[in-house]
Amino acid sequence: MNDARSLRRERFAPVTYALLTAGLLLTMVLCVCVGSVPITLSDTVTAVWNALWGLPIPQNIAKNIILNVRLPRVLCVALAGASLSLCGAAMQGLLRNPLADGSTIGVSSGAALGAVIAMAAGITLPGSGYGGVMLTAMAFAFGSLVLILSLAYALDRSLATNSIILIGVIFTMFISSIISLVVTFASEHTRSLNFWTLGSFSGVNYDQAKLLGLALLVCGSVILRYSHELNAFAVGEDNARHIGVNVKRVKLIILITISALIGVCVSISGTVSFVGLVMPHIARMLVGPNHRRLLPAALFAGAIFLLLADLAARTLFSPIELSIGVVTSLVGAVAFVIIFYRTRKAG
Amino acid sequence: MLKAEHITVRYGEHTVVDDVSFQLREGQWLMLAGPNGAGKSTLIEAIAQGVPYAGRIEWEGQDLRSMKSAQLARRIGVLSQKNAVGYAYSVEEVVGLGRYAYRQGFLSGRRGEDRDCVDQALEMTGLQDLRRASMLTLSGGETQRAFLAQVFAQDPRVLILDEPANHLDLNYQQQIFSLIRDWLKRPGRAVLSVVHDLSLARRYGTHAVLMDRGRCVAQGETEAVMTPDNLNGVYGMDVAAWLGGLLSQWQ
């Protein structure tokens with residue numbers, strides 16, 4: 001009836017996903033090639049291909065840089081970007097709140113505190129030195145989420161956007177000061193304050209990439225499985241209950257899953273802001289709000305964005321490497337203001 | 001179909017619904033009437049399993065508390081008085097959510113039957129032309145019609161409505177009530193609704209429950225419940241004189 005009111009992006013578009021996959025692969029190759037030591041595309045492809053199939057790698061190729069430094073980093077960045085963006089999209093749908101994200105509502109800070117405490121106290125798991133840190137980060141992420149939502153609920157039973165964000169901001173500031181305290185008094189056991197507040201992928205390895213990959217596979221599958229329910233929540237929690245969603249159960253499962261995934265990411269890379277906040281918005285602009293399309297699109301968008309941010313952090317002021325959070329915050333904040341302004345204007 | 005026995009809802013020390021019992025039978029449109037704070041909306045929230053309550057609510061002998069969420073949604077559909085969508089979902093997507101309770105599995109797409117139900121609901125509510133429109137661009141009346149279409153697509157046996165035409169202009173009020181009356185004409189259906197407008201309650205209701213301060217004051221056929229004595233006692237004013245006076249301006 002009214003063309004101006006009709007949606008452009010009603011249908012699932014396989015072309016969009018084909019383009020995103022191609023874009024992700026190209027970005028990954030670009031990130032392996034570009035750096036303080038430039039590497040040609042053919043060297044990169046040859047090294048990765050030969051390593052994959054156990055073939056000898058020619059002497060003239062910088063095998064160590066490609067396979068032991070850049071490739072694990074690129075894998076970790078892509079997986080963390082995808083994870084954070086997926087969590088942001090799920091959280092924004094679940095809480096029906098476009099400002100929700102691990103970093104804005106304090107979940108990432110909670111996870112960082114858990115990781116710092118575990119490192120400072122030397123908490124480990126038998127057979128896995130890093131498992132203790134990761135599990136503590138996951139537990140703290142979930143605890144933070146429950147605490148923030150409980151406080152917001154006590155303040156305002158409708159769990160209004162403003163209440164959650166306000167409490168999240170205050171909680172983040174409070175937690176940051178505790179992290180700062182712990183790092184000050186246990187600096188020999190834990191990583192720098194800069195790492196926990198701004199994030200970094202420097203020195204990551206294949207084991208961490210595997211952990212991230214496994215976490216994304218498990219948690220991502222759970223989140224994607226609940227895409228119908230996320231649509232219902234995004235329309236309204238009461239409406240979700242009325243159409244037959246088991247609201248309490250689904251909410252708890254999604255919150256635990258999000259906390260676990262954010263916990264794993266933060267324990268490996270520190271707190272990286274804005275990925276989970278901005279990328280779902282961009283994905284929503286591309287494919288619409290339906291979570292069956294939005295979640296996979298957010299996953300790709302997050303991976304590509306964080307890869308480019310990491311590339312910029314490594315190369316902009318080379319040999320000085322910036323914290324990745326500096327780049328994501330600079331770009332993300334500007335992008336968010338533009339998106340929010342456009343959305344408000346259109347709405 | 002639906003039987004509520006001794007329903008009591010408390011918020012802390014405050015009793016909002018106090019020992020209310022009633023039955024809803026096939027073909028009935030039961031109006032819950034009463035002044036503000038009478039507990040009408042809380043009572044229907046209890047029936048929709050949205051608030052904890054004491055007492056028992058049965059669906060054809062089965063306690064509603066023992067039903068799974070989807071099982072309940074296939075029997076009871078709820079239209080709230082105020083609905084708003086935060087993201088740019090299309091009308092069709094929102095209406096399609098009404099078929100959630102019939103999903104076969106998370107990988108399953110929308111079945112032919114689901115598509116038919118959505119098409120039918122859109123047709124009933126006159127929203128076919130707006131099916132691809134963003135919910136964010138709809139007027140209040142169109143939004144309410146979209147959510148009514150969602151409940152129609154849900155295909156429940158009982159429709160629960162909390163002031164369905166609240167904040168709507170007269171034209172939309174008439175549309176919504178006519179749509180619901182048409183829906184009720186099909187066999188095996190019943191409607192339970194909260195309505196503030198007593199004229200609408202008398203016009204469309206077959207039966208009524210009159211409530212005041214959480215308690216049931218009178219129940220039965222609408223004509224028998226909406227008597228001057230009952231209404232004057234509950235509202236503390238001469239209701240017929242007030243409504244008659246308003247009406248006389250148009251004669």
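A salt bridge is a side-chain nitrogen of Lys or Arg within 4 Å of a carboxyl oxygen of Asp or Glu. The exercises below apply this term and others to a predicted model, in which local features need pLDDT of at least 70, side-chain atom pairs count only at pLDDT 80 or more, and totals for chains, interfaces and linings use all residues. Residues are numbered from 1 along each chain as its sequence is written, chains are lettered from A and ligands numbered from 1 in the order in which they are written, and side-chain values use heavy atoms, with hydrogens and water left out.

**Exercise 1. The overall form of chain B**

Task: State how many helices and strands chain B has, and compare its radius of gyration with that of a compact globule.

Solution. 
Step 1. Chain B contains 10 helices and 10 strands. Helices (H or I, at least four residues) and strands (E, at least two) are DSSP runs, numbered from the N terminus.
Step 2. The C-alpha trace of chain B spans about 55 × 50 × 35 Å along its principal axes.
Step 3. The radius of gyration is taken over C-alpha atoms, and the globule rule is 2.2 Å times the number of residues to the power 0.38.
Step 4. For 251 residues a compact globule would have a radius of gyration near 18 Å; the value for chain B is 19 Å, which agrees.

**Exercise 2. The two domains of chain B**

Task: Describe the interface of domain 1 and domain 2 of chain B by its contacts, its buried area and its salt bridge.

Solution. 
Step 1. Domain 1 of chain B comprises 1-75 + 157-251, and domain 2 comprises 82-155; such bounds come from an automatic or database domain assignment. The C-alpha centres of these two domains of chain B are 25 Å apart.
Step 2. In the contact (heavy atoms within 4.5 Å), domain 1 of chain B takes part with 15 residues and domain 2 of chain B with 16 residues.
Step 3. Buried area is the accessible area (1.4 Å probe) that two parts lose on being put together, summed over both. Between the two domains of chain B this area is about 1400 Å², and carbon and sulfur atoms give 64% of it. On the side of domain 1 of chain B, the residues that lose the most area are Arg74(B), Tyr172(B) and Leu179(B), together 34% of what that side buries.
Step 4. The count between these domains of chain B is 1 salt bridge. Asp155(B) and Arg189(B) form a salt bridge, with their closest N and O atoms 3.2 Å apart.
Step 5. H6(B) gives the largest share, 6 residues.
Step 6. By class, this side of domain 1 of chain B has 10 nonpolar, 1 polar and 4 charged residues. Ala, Val, Leu, Ile, Met, Phe, Trp, Tyr, Cys and Pro count as nonpolar, Asp, Glu, Lys and Arg as charged, and the others, Gly among them, as polar.

**Exercise 3. The interface of chain B and chain A**

Task: Determine how many residues and salt bridges the interface of chain B and chain A has, and which element of chain B gives the largest share.

Solution. 
Step 1. On chain B, 40 residues are in contact with 32 residues of chain A.
Step 2. The area buried between the chains is about 3000 Å², of which 52% comes from carbon and sulfur atoms.
Step 3. The chains are joined by 3 salt bridges. Arg293(A) forms a salt bridge with Glu93(B), the closest N and O atoms being 3.2 Å apart.
Step 4. A polar contact is a pair of N or O atoms within 3.5 Å; within protein, one must be able to donate a hydrogen and the other to accept it, and residues adjacent in sequence count only if both atoms are side-chain atoms. Between chain B and chain A there are 12 residue pairs in polar contact (both at pLDDT 80 or more).
Step 5. H2, strand S6 (76-79), helix H3 (91-96) and helix H5 (140-154) of chain B each supply at least two residues of the side that touches chain A. The largest share, 4 residues, comes from H5(B).
Step 6. This side of chain B divides into 20 nonpolar, 13 polar and 7 charged residues.

**Exercise 4. The two domains of chain A**

Task: State how many salt bridges and how many residue pairs in polar contact are counted between domain 1 and domain 2 of chain A.

Solution. 
Step 1. Chain A is divided into domain 1 (91-271) and domain 2 (272-347).
Step 2. The area buried between these domains of chain A is about 1800 Å², of which carbon and sulfur atoms give 61%.
Step 3. The count between the domains of chain A is 0 salt bridges, whereas 10 residue pairs are in polar contact (both at pLDDT 80 or more).
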